[in-house]
Amino acid sequence: GEVLATKVSFFHVLDELAGRLRSIFVPFFEHVFEDCRDELEGLFGAAEQANKTDASGPKPKKRRRKSKEATDAGGAADALQKLPDMGQRWQLELLRLVTSALHKCFQYDIRGN
C-alpha cells in the first residue's frame, strides 16, 4: 500500500536526478546504494517465494525466446507476475526504477568509484 507507493516515489525521484544530473549525482549514490540493494533483495525474495509456491502447479507452456530488452529484469519480473494482483504493478515499477537508477549511476560514473 502506502509504504510501497512511497518507495516508488522515492526511487522515481532518484532515477530522475540520476538521469538529469548524471556524473554530478553519482557520488550521492553512496547514501542510497544499500537502499537499492535492500529493495532488490526484497523483490527477488518475493519472486522466489512466488516461484516456490507455484512450483507444485502445472508446468507452463513453452514460450518463444524473448529479445534481450524483454529479459533485462530477468526472471524476477516473470516471477513477480505470479504474485497476487494487489501491489504487483507497484512492485514491478519499483524494480524498474531501482534498476534504472543503478544503471544510470554506473553509466555516468566517470571516476570508477
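pLDDT is the predictor's confidence in each residue, on a scale from 0 to 100. That matters here, since what you're looking at is a predicted model. The protein averages a pLDDT of 81, with 70% of its residues at 70 or more.

**Confidence**
- Helix α1 comes out on top among the elements, with a mean pLDDT of 95.
- At the other end sits helix α3 (residues 74–80), whose mean of 65 is the lowest of the elements.

**Overall numbers**
- Of the 113 residues in the protein, 29% are buried.
- The accessible surface is about 8,500 Å², and carbon and sulfur atoms account for 54% of that.
- Take the contacts between residues at least 6 apart in sequence: 76% of them join residues at least 24 apart.

**The nonpolar core**
- The largest nonpolar core holds 20 residues. F11, L14, F29, C36, L94 and V98 have the most contacts inside it.
- Three helices each put in at least two residues of this core: α1 (2–21), α2 (33–54) and α4.
- Helix α4 supplies the largest share, with 7 residues.

**Helix α4**
- Helix α4 covers residues 88–107, which makes 20 residues. At 1.5 Å a residue it should span 28 Å, and because its end C-alpha atoms are 28 Å apart, the model agrees with that expectation.
- Its buried residues are Q88, L94, L95, L97, V98, S100, A101, L102, K104 and C105.
- For reading that list, recall that an α-helix has 3.6 residues a turn, so residues three or four places apart point the same way.
- V98 is one of the residues with the most contacts inside the core. Leaving aside residues up to four places away in sequence, V98 touches F11, C36, E39 and L40.

- R22 sits in the loop between α1 and α2.
- Its phi is near 45 degrees, a positive value in a residue other than glycine.
- For background, most residues other than glycine have a negative phi.
- With a relative accessible area of 46%, R22 counts as partly exposed, because that class runs between the 20% cut-off for buried and the 50% cut-off for exposed.

Notes: Residues are numbered from 1 along each chain as its sequence is written. This is a predicted model: local features need pLDDT of at least 70, side-chain atom pairs count only at pLDDT 80 or more; totals for chains, interfaces and linings use all residues. Side-chain values use heavy atoms; hydrogens and water are left out. Helices (H or I, at least four residues) and strands (E, at least two) are DSSP runs, numbered from the N terminus. The expected span of a helix is 1.5 Å times one less than its number of residues. Buried means under 20% relative accessible area, exposed over 50%, partly exposed in between (1.4 Å probe, protein chains only). A nonpolar core is a set of buried Ala, Val, Leu, Ile, Met, Phe, Trp, Tyr and Cys residues joined through side-chain atoms within 4.5 Å. Contact means heavy atoms within 4.5 Å. Accessible areas come from the Shrake-Rupley method with a 1.4 Å probe; for residues, only the protein chains shown count as cover.
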